[in-house]
Each structure stands twice: as C-alpha cells, then as structure tokens.
Amino acid sequence: MDESSIENEEYMDLLVRLSAFADKANVQYISSLVKRDGKVLFTSTSATKSDFDTQNYELFFEEYPEATQEFQDAFENKKPFFEETRAKYGYLRTLFIPFMNQYGETYIVAIDIEVTHIEAIFEES
C-alpha cells in the first residue's frame, strides 16, 4: 500500500462515510494510520462539517507529524492507550487501538473526543 493505492474519489467517499459514522457516534474524529519508514501516515479519517467547508482534512498517506513517542511505540507494542492533546483541531482525548491487517502490518485506529464534551457528560451525571 502506498499513496497511489486509492483513487481520490474513492478516498473522498470513505471520508464522507467515516464522517457520518463519527457524527452518529458523537465523536470528533475517527482515523486510521500506519507507520512507514519512521513516519506515521493517515490511511483514512473523518472530518467535521467545518472541515469540509474549509477543505481542512487529511489526505490519504498524508503524514501526521504530531505523533507522540507513545503513539509511535504503539505500532510495536500493540497496546491500546489514551492521550490528551491540544492540537490544531482542539483539546482532545484520543483512544488509540492497534490492529493488524491481513498482511501482518500494524495500523492504529484513533478515536478523538473533545475534552469539553467529556466534561459535559460528567456534569450531567
């Protein structure tokens, strides 16, 4: 798999479907990533309505330079973990879940929830 493995139209269809799923699940973003030559790369992601309006979303095999060491280590140790970050998309708590594809390659699914959303849930209970 490389940056030419999927046509732009097919990727955009995946982006739209994943975005609808993220919206229905009430999470900010859902992404999948792989690690190649020491770089963490997007293989899919969702986007918010605002992201679509401004065309501010990651493309297939776009690098994720903000990957922390713990995130990069998860490709080897294959252990799920949480992380809170203040990134370009806000203050997020992210669940990272490593999986292995049919080729034996590790990829990670990342699910982002806005910390303010989490705090609001706890305030309601």
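Reader: What stands opposite Ser-31 in strand 5?

Author: Ala-110 stands opposite Ser-31. The model is predicted, so local features need pLDDT of at least 70 and side-chain atom pairs count only at pLDDT 80 or more, while totals for chains, interfaces and linings use all residues. Residues are numbered from 1 along each chain as its sequence is written, and side-chain values use heavy atoms, with hydrogens and water left out.

Reader: What makes strand 4 a partner of strand 5?

Author: Nine bridges link strand 4 (residues 90–100) with strand 5 in the antiparallel sense. Among the residues involved, Thr-94 has Asp-112 as its bridge partner in strand 5. The hairpin of strand 4 and strand 5 has five residues between the strands, and in this hairpin Gly-104 takes a positive phi near 80°.

Reader: Why is Ser-44 called buried?

Author: Buried means under 20% relative accessible area, exposed over 50%, and partly exposed in between (1.4 Å probe, protein chains only). Ser-44 has 9% relative accessibility and therefore counts as buried. Ser-44 belongs to strand 2 (residues 39–45).

Reader: What makes the approach of Ser-44 to Ser-32 a polar contact?

Author: The side chains of Ser-44 and Ser-32 make this contact at 2.5 Å. A polar contact is a pair of N or O atoms within 3.5 Å; within protein, one must be able to donate a hydrogen and the other to accept it, and residues adjacent in sequence count only if both atoms are side-chain atoms. Leaving aside neighbours within four places in sequence, the residues in contact with Ser-44 include Tyr-11, Leu-14 and Ile-30.

Reader: How do you know that the buried residues of helix 3 lie on the same side?

Author: In helix 3 (residues 69–77), the buried residues are Phe-71, Gln-72, Ala-74 and Phe-75. They cover an arc of only 145° around the axis, and therefore lie on the same side of helix 3. The arc is that of the directions from the helix axis to the C-beta atoms. The face turned away from this buried side carries the exposed residues Gln-69 and Glu-76.

Reader: Against which strands do the buried residues of helix 3 pack?

Author: They pack against strand 1, strand 2, strand 3 (81–87), strand 4 and strand 5. Just after helix 3, Lys-78 takes a positive phi of about 55°.

Reader: What makes the phi of Gln-55 and that of Phe-61 worth noting?

Author: Most residues other than glycine have a negative phi. Gln-55 is not a glycine, yet has a positive phi of about 55°, and Phe-61, also not a glycine, has a positive phi of about 70°. Gln-55 is found in the loop between helix 2 (49–54) and helix 3, and Phe-61 is found in the loop between helix 2 and helix 3.

Reader: Is each of these residues called buried or exposed, and why?

Author: Gln-55 has a relative accessible area of 62% and is therefore exposed. Phe-61, at 11%, is buried.

Key. Helices (H or I, at least four residues) and strands (E, at least two) are DSSP runs, numbered from the N terminus. Contact means heavy atoms within 4.5 Å. Two strands pair if DSSP finds at least two bridges between them.
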